[in-house]
Amino acid sequence: MEQATTPASPEQHSFIRKTNNIGERIIERGIRIIGGVAVVLIFLILLFVLREALPLLTGAFSQPKTAHGATTSSAAGDRTLKPEVYNPDVILSEQQAPEEFTPEVYNLDVSVPVTITANTTTTKEPDEGDHITLSNILGTIWQPVSTMPKFGIMPLVIGTAKTTFVAIFIGAPLGILAALYAAFFAPRRLREIMKPMVEILAGFPSVVIGFFCLLYVGSALQSLFGFQYRLNAFVGGIGLAIAVIPIVFTITEDALSAVPKSLLEASLAMGATQWESAYKVMLPAAFPGVFAAVLLGIGRAFGETMIALMATGNAAMVSASIGDPVRTFSATIGAEMGEVIWGSAHYSILFFLGVLLFVVSFTLNAVTELFIKERLAKKLQGG
Amino acid sequence: MSIKRLIGIFAVGVATVAVIAIAGLVFSTMGTFLVKGLPNITWQLLSEAPRNNNTEGGIFPAIYGTTLLVLVMSILGVPIGTITAIYLNEYTSAGAVMPRVIRFAVNTLAGVPSIVFGLFGLGFFVQFLGAGLDKTFGNTEAIWAKPALLWASATLAALTLPVVIVSVEEALKNVPREMREGSLALGATRWQTIWKIVLPNSTTGILTGSILAIGRSAGEVAPILFTGVVYSLPQLPDGISSQFMHLGYHLFVLSTQSPDVDKTLPLQYATTLVLLMLTFTLNFAATFIRSRIRSKQFR
């Protein structure tokens with residue numbers, strides 16, 4: 001105690017005996033280090049996804065990376081040498097290749113649009129030496145596997161925007177209205193059922209939601225609206241909405257229940273109806289929270305992979321109709337990463353898409369965390 | 001006045017419709033998969049390996065692979081999550097900079113799309129760590145620098161870290177301050193207090209966190225797509241460096257890439273139901289334990 005040399009730490013337990021016990025200090029140091037893992041992880045994710053995308057700038061792809069070339073090329077060799085497996089006669093139980101299917105099979109319903117886009121391809125030919133130019137990336141044709149690969153991400157941007165828009169347009173109002181209902185109008189019994197119900201919805205694995213859309217929603221909507229393709233942006237958007245609803249509901253509900261009850265009582269006392277109090281007093285008071293809910297919902301819809309992969313039709317088309325099949329960022333990564341040769345241009349482009357996904361989700365999250373939540377706290381503490 | 005009331009009734013009606021729509025969604029999906037899946041669940045399905053290009057036989061290797069995956073994931077992820085929660089709750093005060101940064105990172109981590117975790121797993125674990133391991137051990141062929149169970153588990157552990165941290169922190173907060181102070185007043189050091197007083201009183205919270213993390217990760221397919229999952233295997237995985245089959249991935253492949261989707265439909269329904277049962281049982285268990293903790297709080 002005399003040798004209280006340990007630096008004063010900022011915690012509230014200032015009465016804790018300062019110790020020069022070495023074991024104690026080692027443990028504390030260890031805990032401090034491991035406590036930072038989450039921060040380190042964020043940096044590592046950005047660093048390593050960027051690292052694989054970097055050859056886009058330097059142009060050093062196509063050949064296996066030099067750092068661990070031997071291992072990479074052998075793994076890549078495994079993938080390129082995989083046998084043709086779509087022959088039903090072949091018995092596949094002995095099959096060991098990591099990925100034994102072609103990406104084309106993803107769009108069972110749409111083989112047409114691919115050729116449509118292929119026809120329009122001929123209008124613009126980038127120079128042969130360097131396929132990854134800015135104009136190539138910003139182009140309108142996504143055709144990564146061909147003798148003249150084209151990595152135009154515009155169709156993917158449009159596809160992602162369409163599905164995200166549909167998901168939010170359907171999911172956010174449903175989630176917010178349901179949360180309003182649960183907070184102000186539902187009988188106590190019903191409210192106690194609603195929360196677990198939404199939790200069940202949140203617990204659905206996304207692959208199951210995708211399967212559900214693939215099996216039922218696609219056909220149902222096709223017969224209802226007469227879409228040309230069974231799987232399209234609208235079906236995918238509905239699937240994503242199912243994933244978005246629980247997020248919007250939960251966060252909105254939290255925000256609404258954080259608003260002081262006295263506001264509601266005051267409003268009711270002034271003669272406003274229940275709905276007016278809920279809609280004009282409580283909802284505006286909780287607005288930052290609701291906004292945060294929608295932003296996080298966008299983040300989820302934007303980054304969701306399996307639903308998009310299974311329910312959107314996966315054709316990289318440029319079109320304005322929500323009845324057309326689309327291909328999203330995440331679905332592109334999910335569908336194509338299994339087939340690419342590690343270190344190739346295609347591989348780097350997919351990681352580049354990953355960087356974009358990361359940056360957007362990070363931004364959405366940072367906005368909610370730093371801006372909205374603080375504002376909500378201030379507002380509710382009588383600012 | 002009456003118009004206002006009408007608007008109110010209409011609006012509440014719309015909100016009710018929204019609730020009914022959500023309820024309909026939950027019950028129709030659950031109902032569909034229960035009705036269609038239950039008749040197809042047989043002992044043969046649960047215990048046998050797939051045959052004939054996965055169109056016949058069972059899904060045992062997928063169940064086995066999923067179980068192994070989440071177990072290794074918990075072994076990797078739960079200790080780190082618990083220690084982070086201990087750091088946040090026991091070693092820092094709320095206003096300090098470091099815990100705020102960590103909390104921000106945890107929230108960000110929770111919002112990163114799962115496919116990005118997959119890319120991270122491929123770029124970091126497989127291509128960087130794996131290749132590094134192979135280099136240090138002088139392996140001529142790739143033993144670690146390829147997708148494997150270990151890397152998939154590590155990726156999922158990173159993905160579920162926020163879940164564990166949040167649950168454990170909640171449990172730590174429920175341990176009353178007086179117990180800590182009592183322990184410290186008797187001369188125990190901080191670590192002794194945590195190890196002997198705080199942690200034993202929050203084991204249920206750690207358990208909840210692990211179960212929630214397992215429930216979340218059992219259904220995740222995107223992060224493992226390129227870090228270790230395969231469609232079919234000749235034998236069960238025999239170590240953490242081998243690849244594995246997975247329920248969710250199995251369902252994905254059967255429903256989208258199989259040459260004859262209709263033929264395997266019963267198998268798809270059964271796989272879905274098994275997967276749903278797995279995740280729901282885990283989620284319900286976690287909810288149950290958590291509600292027990294909350295009701296049994298130390299006054």
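What follows is a set of questions and answers on a predicted model.

Colleague: How many helices and strands are there in chain B?
Modeller: From the N terminus on, the elements of chain B run α-α-β-β-α-α-α-α-α-α-α-α-α. The count for chain B is eleven helices and two strands.

Colleague: What share of the residues of chain B count as buried?
Modeller: The C-alpha atoms of chain B fill a box of roughly 80 × 70 × 35 Å along the principal axes. Of the contacts in chain B with a separation of 6 or more, 77% join residues 24 or more positions apart. Chain B has 299 residues, and the buried share is 52%.

Colleague: What span does helix H1 of chain B reach from its first C-alpha to its last?
Modeller: Helix H1 of chain B covers residues 2–37, which is 36 residues. At 1.5 Å a residue the expected value is 52 Å, and the model comes close to it with 51 Å.

Colleague: Which helix of chain B do the buried residues of H1(B) pack against?
Modeller: The buried residues of H1(B) include B:Ala11, B:Val12, B:Ala15, B:Ala18 and B:Val19. From chain A, their partners are helices H7, H8, H9, H10 and H12. From chain B, the partner is helix H11 (265–295).

Colleague: Which helix gives the most to the side of chain A that touches chain B?
Modeller: The contact takes 90 residues from chain A and 89 residues from chain B. On the side of chain A, eleven residues come from the top contributor, helix H2 (residues 37–53).

Colleague: At what angle do the axes of H7(A) and H10(A) cross?
Modeller: The crossing of H7(A) and H10(A) is right-handed. The residues of this contact divide into 21 nonpolar, eight polar and two charged. The two axes come within 6 Å of each other, and the crossing angle is roughly 35°.

Colleague: How many residues has the largest nonpolar core?
Modeller: Among the residues with the most contacts inside this core are A:Val244 and B:Val116. Leaving aside neighbours within four places in sequence, A:Val244 is in contact with residues including A:Ala167, A:Ile168 and A:Arg300. The size of the largest nonpolar core is 195 residues.

Conventions
Residues numbered from 1 in each chain as written. Chains lettered and ligands numbered in written order. Predicted model: local features only at pLDDT ≥ 70, side-chain atom pairs only at ≥ 80, totals over all residues. Core = buried A, V, L, I, M, F, W, Y, C linked by C-beta atoms within 7 Å. Buried ≥ 20, exposed ≤ 12 C-beta atoms within 10 Å, placed from the backbone. Contact = placed C-beta atoms within 7 Å. Helix = DSSP H or I, 4+ residues; strand = E, 2+ residues; numbered from the N terminus. Expected span 1.5 Å × (residues − 1). Axes fitted to C-alpha atoms, helices over the stretch in contact; angles between N-to-C directions. Left-handed = near helix turned anticlockwise from the far one by under 90°. Nonpolar A, V, L, I, M, F, W, Y, C, P; charged D, E, K, R; others polar.
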